[in-house]
Amino acid sequence: MSRAIVVTSGKGGVGKSSFCVCLGRALAGRGLSVALVDTDVGLNNLDVIMAVENSVVYDLYDVQNASCRLSQALVPDPDYENLKLLPSSKGYGKDVQTQTLVKAVSSLKTRFDYVFIDCPAGVDAGFDRAVKCADEAIVVTTPHVSAIKDAKVVVELVKSRKMKRLSYVLNRVRPDLVISSQMASVEEVTDVLGVPPLGVLPESDEVNGLSSVGSMEMNKETSEALKVLCDNLVFGKNEIYDYTRKYRGFFGALRRVIKTRI
Ligand SMILES: Nc1ncnc2c1ncn2[C@@H]1O[C@H](COP(=O)(O)OP(=O)(O)OP(=O)(O)O)[C@@H](O)[C@H]1O
Ligand SMILES: [Mg+2]
């Protein structure tokens, strides 16, 4: 059965859109069909991160105005045929109504295994519109106090919407800093948020470079972390990628010293 999952955060810039693309590609790589819906109206981003901005002909606004069919607006990922993007409208004044989005997502659910709704930052109308289309929610946060504080607000808001599932993703983790107690660990963040972690994603040059180089091989750590996260999502497991493994023990301590001196 198809799942419509909103990816939200409260705080901006914590990695929602990058996470949607990484997750979409990881699931598509398993043979699942995935649609990503960019609901950041006016500030479209997913097309840029997927490096398909030149392939966008129609967007959500055109779907709303019946200038095209929904299927005509879908843009395929360059590497995964079974991953498609529904772009949001560009520029000012091309607003998209909640009803348009709800209809589009429910139609996508009949054609795709997973529909991820990439939410804009904040908790205003854009948040409301994105959350209304979804049955489940993933809150993305980084291990920084301001991001965790906003994630907590969003968790409470989402809880009041009675979603089928609610979890969070801890993004941009630096294991070396977690070990030296300079960064919050997944256990500490889970305690604050009070919802289960779906996964942990390390700070990664490859994720950071997505929009400049398009599709790119992920490093070993990010690939493993994504694999564990996908297993949790698809099979309902509750495993957490052992992100500090590389930095424990004698050689791990050496790696930490080297990393902090770079
Ligand atoms: N795991 C990661 N490692 C390194 N860089 C990352 C990671 N995740 C995201 N980034 C970087 O963080 C920045 C913000 O990411 P992104 O645009 O995905 O965030 P967002 O939450 O969607 O932002 P907005 O709220 O504006 O929509 C980008 O430069 C992206 O490359
Ligand atoms: Mg975004």
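Q: Which element gives the largest share of the shell around ligand 1?

A: H1 does, with three residues. This is a predicted model: local features need pLDDT of at least 70, side-chain atom pairs count only at pLDDT 80 or more, and totals for chains, interfaces and linings use all residues. Residues are numbered from 1 along each chain as its sequence is written, while chains are lettered from A and ligands numbered from 1 in the order in which they are written.

Q: How many residues surround ligand 1, and which are the closest?

A: A residue is near a molecule if its C-beta atom, placed from the backbone, lies within 6 Å of it. Here 20 residues surround ligand 1. Gly12, Gly15, Ser17, Ser18 and Asn208 are the closest.

Q: Is strand E2 buried on one face or on both?

A: In a regular strand, side chains alternate between the two faces of the sheet. Both faces of E2 are covered. Val34, Leu36 and Asp38 are buried on one side, Ala35 and Val37 on the other. Buried means 20 or more other C-beta atoms within 10 Å of the residue's own, with C-beta atoms placed from the backbone.

Q: Which residue in E4 stands opposite valine 37?

A: Two strands pair if DSSP finds at least two bridges between them. E2 and E4 (residues 83-86) pair in the parallel sense over four bridges. Leucine 86 stands opposite valine 37.

Notes:
Helix = DSSP H or I, 4+ residues; strand = E, 2+ residues; numbered from the N terminus. Buried ≥ 20, exposed ≤ 12 C-beta atoms within 10 Å, placed from the backbone.
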